[in-house]
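Please prepare a briefing on the structure shown below, covering the surroundings of the ligand, the overall fold and a few individual loop residues.

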Amino acid sequence: MSKLELLPINIGGEWRLGGGDESASLYPATGEVVGRLRAPSLADVQEAIEKADQAFRTSGWAQKKPHERAAVLHRVAQLIRERAEPLAQLQRLDNGKPISETRALVASAAGTFQFFAAACETMEETITPSRGDFMTMSVYEPMGVVAAITPWNSPIASEAQKLAPALAAGNAVVVKPAEATPLLALELARICEEAGVPKGIVSVLPGRGSVIGDAITKHPLVKRVSFTGGTSTGKHIARIAADKMMPVSLELGGKSATMVLEDADLDHAVNGVLYGIFSSSGESCIAGSRLFVARKLYGDFMERLTAKATALRVGDPADERTQMGPLITAEAKARVESYVAGAEAEGATVVVDGREAKFEGNGFFTGVSLLDHVKTDSKVYLEEIFGPVLAIVRVNSYEEGLQLINDHQFGNGTAIFTRDGGTARSFEFDVEAGMVGINVPIP
Ligand code: NAP
């Protein structure tokens, strides 16, 4: 292991080494160690949660007026913006996304704190209709200690999306970042402290999810969990929550779909499809990994899609021109490539094979893969791959495409490319998905 010093973690407001196993953050582009730390022990988890509960009751954070908490959150946003470049570089090293993407994620994290500062300050409590000679009100109150469990694919943005609203509401937050990408959550905790969030209100406990995440979720003092990650982990957390009668927020996996109709602007649609699946190396819950193309324009569309897909610049995340970086780990690369191999065995045609792309060094790179003639009952069509693999299906009509999009267990996002405003409008209503893009990639 590298000679880098072990990083302290934040246990109930105290920065110190965890008492658990050593782990490392690797730069996915080279496999080099960029950060080392010791995970918390179970005793550290207990201590952090008890201290969070104490800080919630005694630090004055929950009792601050909303505009006072908003002022602190505005300072967090400002500090993120002042440190935008080092944070973007750190996120590049921690998870291997191209620098152009990590800069956008840092800007989004600052915007999230700014948004929740404004929401906190302007949220109105309501006087409700009274049923007697007294006044009745609906008011907002913090819950106490809440947990934020995040995945590795967009750390600073995910962590901001959980921390900012929980802090705005006056809660104490225990953050459990993914073991692979602990560095940005630690930076955010330092920034919160510097901005004036009291000690103990934010803890960061990096470590294995099945041990540390589980202990946090089960703890009786943890009153709510906000989780983003895989569907099977989400189900596990939901079961624990049911036992505790605890509310949870779950943002889970996806297999989003794009439909290109025969009247679409072809080049625009090709660019949208490419962005939808290959940005973030396909490691996105809204990756447009299923594509339905009108049979009539198929040949022309595929020719342009293949040419542009093979010309994508895949490589060094530090290079401003890079469009796709490596995958997060060697295991992720092996898993994604095994789906491509499996697709062939299931009868798909591999038009572009990401396994054949050549890269120097020990990074976890794979190229983009385009799969044609994909069967709608095949694994590669049904399961989330979480990598740069596009499954393509030809359709004879809008209705056929719509039915296939809806007849799937995942529905995070979808997009349609068409010049017909009426069809686009119908799609918005007919499609069963959380987010709908019209002539734009899945938003
Ligand atoms: P994951 O394996 O479910 O892990 C997510 C987080 O949960 C990590 O911090 C993980 O810790 C932790 N965890 C694992 N087991 C746990 C347990 N038993 N109890 C509590 N926490 C536990 O997912 P991932 O591989 O990191 O992320 C990819 C998945 O996230 C994909 O399915 C993707 O679609 C989804 N995602 C969804 C959204 C959305 O908004 N819908 C956004 C981004 C990602 P360790 O990793 O340290 O073990």
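By class, the shell around the ligand is made up of 14 polar, 10 nonpolar and 5 charged residues, where Ala, Val, Leu, Ile, Met, Phe, Trp, Tyr, Cys and Pro count as nonpolar, Asp, Glu, Lys and Arg as charged, and the others, Gly among them, as polar. The model is a predicted one, in which local features need pLDDT of at least 70 and side-chain atom pairs count only at pLDDT 80 or more, while totals for chains, interfaces and linings use all residues. Residues are numbered from 1 along each chain as its sequence is written, and side-chain values use heavy atoms, with hydrogens and water left out.

**Ligand surroundings**

- The ligand is surrounded by 29 residues, the closest being T150, E179, T233, L252 and E384; a residue is near a molecule if one of its heavy atoms lies within 4 Å of it.
- Three helices and strands, namely α7 (209-218), β11 (222-228) and α8 (231-244), each supply at least two residues of this shell, and the largest share, 4 residues, comes from α7.
- Helices (H or I, at least four residues) and strands (E, at least two) are DSSP runs, numbered from the N terminus.

- For G207, a backbone N or O atom is 3.2 Å from an oxygen atom of the ligand.
- Taken alone, the ligand exposes 900 Å², and the protein buries 82% of that area.
- A polar contact is a pair of N or O atoms within 3.5 Å; within protein, one must be able to donate a hydrogen and the other to accept it, and residues adjacent in sequence count only if both atoms are side-chain atoms.
- Accessible areas come from the Shrake-Rupley method with a 1.4 Å probe, and for residues only the protein chains shown count as cover.

**Overall fold**

- The chain contains 14 helices and 19 strands, and its C-alpha trace spans about 65 × 65 × 40 Å along the principal axes.
- Of the 443 residues, 52% count as buried, meaning under 20% relative accessible area, as against over 50% for exposed and in between for partly exposed (1.4 Å probe, protein chains only).
- The accessible surface of the chain comes to about 19,200 Å², and 52% of this belongs to carbon and sulfur atoms.
- Among contacts (heavy atoms within 4.5 Å) between residues at least 6 apart in sequence, 70% join residues at least 24 apart.

**Loop residues**

- T322, in the loop between α10 (298-311) and α11 (330-345), is buried, with a relative accessible area of 7%.
- The side chain of T322 reaches the backbone oxygen of D316 at 2.6 Å, and, leaving aside neighbours within four places in sequence, T322 is in contact with P98, S100, R313, G315, D316 and P317.
- S280 has a positive phi of about 60° although it is not a glycine; S280 is found in the loop between α9 (266-278) and β14 (290-294) and counts as buried at 13% relative accessibility.
- F386, which is not a glycine, has a positive phi of about 60°; F386 is found in the loop between α12 (379-382) and β17 (389-395) and counts as buried at 18% relative accessibility.
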